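Have the viewer open as you read.

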Amino acid sequence: MQQFDITEDRGNHEVNVVMGAEAPSLYDKKGRITAVLLANILGGPASNSLLGAELREKHGWVYSIECGYAQYSDTGLMTVSLGCDRANIKKCQTAVKRILTKVSTTPMSPTALKAAKKQLLGQLAISSDSGETQCLSMGKSLLAFGEIMPDTQVRELVESVSAEDLRLMAGRIFSPDKVSRLIYL
């Protein structure tokens, strides 16, 4: 993937920043599970995500902040996206860079890792309550792998992710020479 850094002034009130890089593919089982957990830790739906806690809850700099991970057959994409006022763009980018550097260089504590896994597994359990979501997930699994992974196997995969796995994955994905950025001012 060729890296890019594009800024366009569109005269918007809200600045939108998307930064991302190549991530594990759908068929990289260990890498995929590690990336899912990493994305949830960084910017998942809970207010205790690292990016959300810092940029939104602590400082109130952003309207929105999230980390997403898309899996494809030959590659994947992990992105961090945020919306903020023009006055906060530098502070937000500095904070995101600091957090990404920290997760790339410092392994999570055992307590934080245990809590992150518990949260992800809880989110997966809640999503399985939706029949539509469960059917879509099973269909995707059947098409991609020819089987439906039992919940026990999913739990084992999540539990097998170590703090070092997360640190290495963050370093692999968010290496400064691999991250692309698009900013709409």
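## α2 against α3

Are α2 and α3 roughly parallel or antiparallel to each other? Keep in mind that this is a predicted model. The axes of helix α2 (residues 50–58) and helix α3 (residues 89–105) come within 10 Å, with a crossing angle of roughly 155°. Angles over 145 degrees count as roughly antiparallel, so that is how α2 and α3 sit relative to each other. As for handedness, the crossing of α2 and α3 is right-handed.

Which residues make the contact? On the α2 side look for L50, L51, E54 and L55, and on the α3 side for C92, A95, V96, R98, I99 and V103. Sorted by type, the residues of this contact of α2 with α3 come out as eight nonpolar, no polar and two charged.

## α3 against α7

Next up is the pairing of α3 with α7, where the axes are 6 Å apart and the packing angle is about 130°. That angle makes α3 and α7 oblique to each other, and their crossing is left-handed.

The contact of α3 with α7 has three nonpolar residues, three polar ones and one charged.

## α1 against α4

How do α1 and α4 lie relative to each other? Their axes come within 10 Å and cross at roughly 100°, so α1 and α4 are roughly perpendicular.

In α1, the contact residues are V36, L37, N40 and I41, and they meet L113, A116, K117, Q119, L120 and Q123 in α4. By type, the contact of α1 with α4 splits into six nonpolar, three polar and one charged.

## The cavity

How many cavities of 30 Å³ or more does the count give? The count comes to one, and the volume of the largest cavity is about 50 Å³.

Its lining is made up of L38, I41, V103, T106, P107, M108, A163, L166 and R167. The elements giving two or more residues to this lining are α1 (29–43) and α7 (163–173), and α7 gives the most, with three residues. Seven of the lining residues are nonpolar, one is polar and one is charged.

## The pocket

The other space to look at is open. The largest pocket holds about 1,200 Å³ of space. Its lining has 32 residues, and those nearest the pocket's centre are R32, L124, S127, S137 and V154.

Which element supplies the largest share of that lining? It's α5, with seven residues. At least two residues each come from α1, β3 (62–71), α4 (110–127), α5 (131–145) and α6 (151–159). The pocket lining divides into 17 nonpolar, eleven polar and four charged residues.

Terms used: Residues numbered from 1 in each chain as written. Predicted model: local features only at pLDDT ≥ 70, side-chain atom pairs only at ≥ 80, totals over all residues. Heavy atoms only, no water. 1 Å grid on protein atoms, 1.4 Å probe; cavity = no way out; pocket = protein on both sides within 12 Å on 5 of 7 lines; lining within 4 Å. Points joined across faces, edges and corners; volume = space filled by probe spheres on them. Helix = DSSP H or I, 4+ residues; strand = E, 2+ residues; numbered from the N terminus. Nonpolar A, V, L, I, M, F, W, Y, C, P; charged D, E, K, R; others polar. Axes fitted to C-alpha atoms, helices over the stretch in contact; angles between N-to-C directions. Parallel < 35°, antiparallel > 145°, perpendicular 65-115°, else oblique. Left-handed = near helix turned anticlockwise from the far one by under 90°. Contact = heavy atoms within 4.5 Å.
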